[in-house]
Amino acid sequence: MSKDKKFSYQVQEEEGTWKADIIRKVSARKTTVSKTQSGFASEQEATAWADAELQTFMKQLGERNKRRDKKRD
């Protein structure tokens with residue numbers, strides 16, 4: 001599991017395959033799934049996808065926030 005404050009990922013087994021979720025912390029008690037993918041053959045594949053996808057997700061979020069900040073000025 002990733003150790004970011006707002007975003008993390010979770011890997012779990014479902015019916016012989018593995019599933020990875022990108023999770024966003026909404027509040028202290030509530031979380032929501034931002035992105036998911038299933039059908040991985042192993043836990044390592046699911047973890048690798050989740051880690052790479054989380055990095056891409058955070059990069060895109062940062063770029064979007066910068067664009068929106070420019071519009072506000």
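Thr-47 lies in helix H1. Helices here are DSSP runs of H or I with at least four residues, strands are DSSP runs of E with at least two, and both are numbered from the N terminus. This is a predicted model, in which local features need pLDDT of at least 70 and side-chain atom pairs count only at pLDDT 80 or more, while totals for chains, interfaces and linings use all residues. Residues are numbered from 1 along each chain as its sequence is written, and side-chain values use heavy atoms, with hydrogens and water left out.

Thr-47 is partly exposed, with a relative accessible area of 27%. With a relative accessible area of 59%, Gln-44 is exposed. From Gln-44 to Val-11 the C-alpha distance is 9.4 Å, and the two are 33 residues apart in sequence.

## The nonpolar core

The largest nonpolar core has 10 residues. A nonpolar core is a set of buried Ala, Val, Leu, Ile, Met, Phe, Trp, Tyr and Cys residues joined through side-chain atoms within 4.5 Å. The members of this core are Phe-7, Tyr-9, Trp-18, Ala-20, Ile-22, Phe-40, Ala-46, Trp-49, Ala-50 and Leu-54. Strand E1 (7-14), strand E2 (17-25) and H1 are the elements that give two or more residues to this core. Helix H1 provides the largest share of the core, four residues.

In soluble globular proteins, nonpolar side chains tend to be buried together.

## The loop between E1 and E2

Glu-15 is found in the loop between E1 and E2. At 85% relative accessibility, Glu-15 counts as exposed. The phi angle of Glu-15 is near 50°, which is a positive value in a residue other than glycine. Thr-47 and Glu-15 are 32 residues apart in sequence, and their C-alpha atoms are 17 Å apart in space.

## Salt bridges

How many salt bridges does the structure hold? It holds three. A salt bridge is a side-chain nitrogen of Lys or Arg within 4 Å of a carboxyl oxygen of Asp or Glu. One of them joins Glu-14 and Lys-19, with the closest N and O atoms 3.6 Å apart. Glu-14 is partly exposed, at a relative accessible area of 35%.

Glu-53 forms a salt bridge with Lys-35, and here the closest N and O atoms are 2.6 Å apart. This pair links distant parts of the chain: Glu-53 is in helix H1 (residues 43-72), Lys-35 is in strand E3 (residues 31-40), and they are 18 residues apart. Is Glu-53 buried or exposed? Glu-53 counts as buried because its relative accessibility is 18%. Lys-35 counts as partly exposed, at 32% relative accessibility. In another salt bridge, the side chains of Arg-72 and Asp-69 meet at 3.5 Å, N to O. Arg-72 and Asp-69 both lie in helix H1, three residues apart, which is about one turn of the helix. Arg-72 counts as exposed, at 62% relative accessibility, and Asp-69 counts as partly exposed, at 39%.

## A positive patch

Which residues form a positive surface patch? Arg-64, Arg-67, Arg-68 and Lys-71 form it. Patches are made of residues with over 30% relative accessible area and no salt bridge, with like charges joined within 9 Å and nonpolar side chains (Val, Leu, Ile, Met, Phe, Trp, Tyr) joined within 5 Å. Accessible areas come from the Shrake-Rupley method with a 1.4 Å probe, and for residues only the protein chains shown count as cover. Lys and Arg count as positive and Asp and Glu as negative, while His and the chain ends are not counted. A charge is placed at NZ of Lys, CZ of Arg, CG of Asp or CD of Glu.

Arg-68 lies in helix H1. It counts as partly exposed, at 45% relative accessibility.

## Other residues of helix H1

Gln-60 has its place in helix H1 and counts as partly exposed, at 49% relative accessibility. The C-alpha atoms of Gln-60 and Phe-7 are separated by 13 Å, and these residues are 53 apart along the chain.

Lys-66 is found in helix H1 and is exposed, with a relative accessible area of 59%. Lys-66 and Tyr-9 are 57 residues apart along the chain, and their C-alpha atoms are separated by 24 Å.

Key
Buried < 20%, exposed > 50% of the residue type's maximum accessible area, 1.4 Å probe, protein only.
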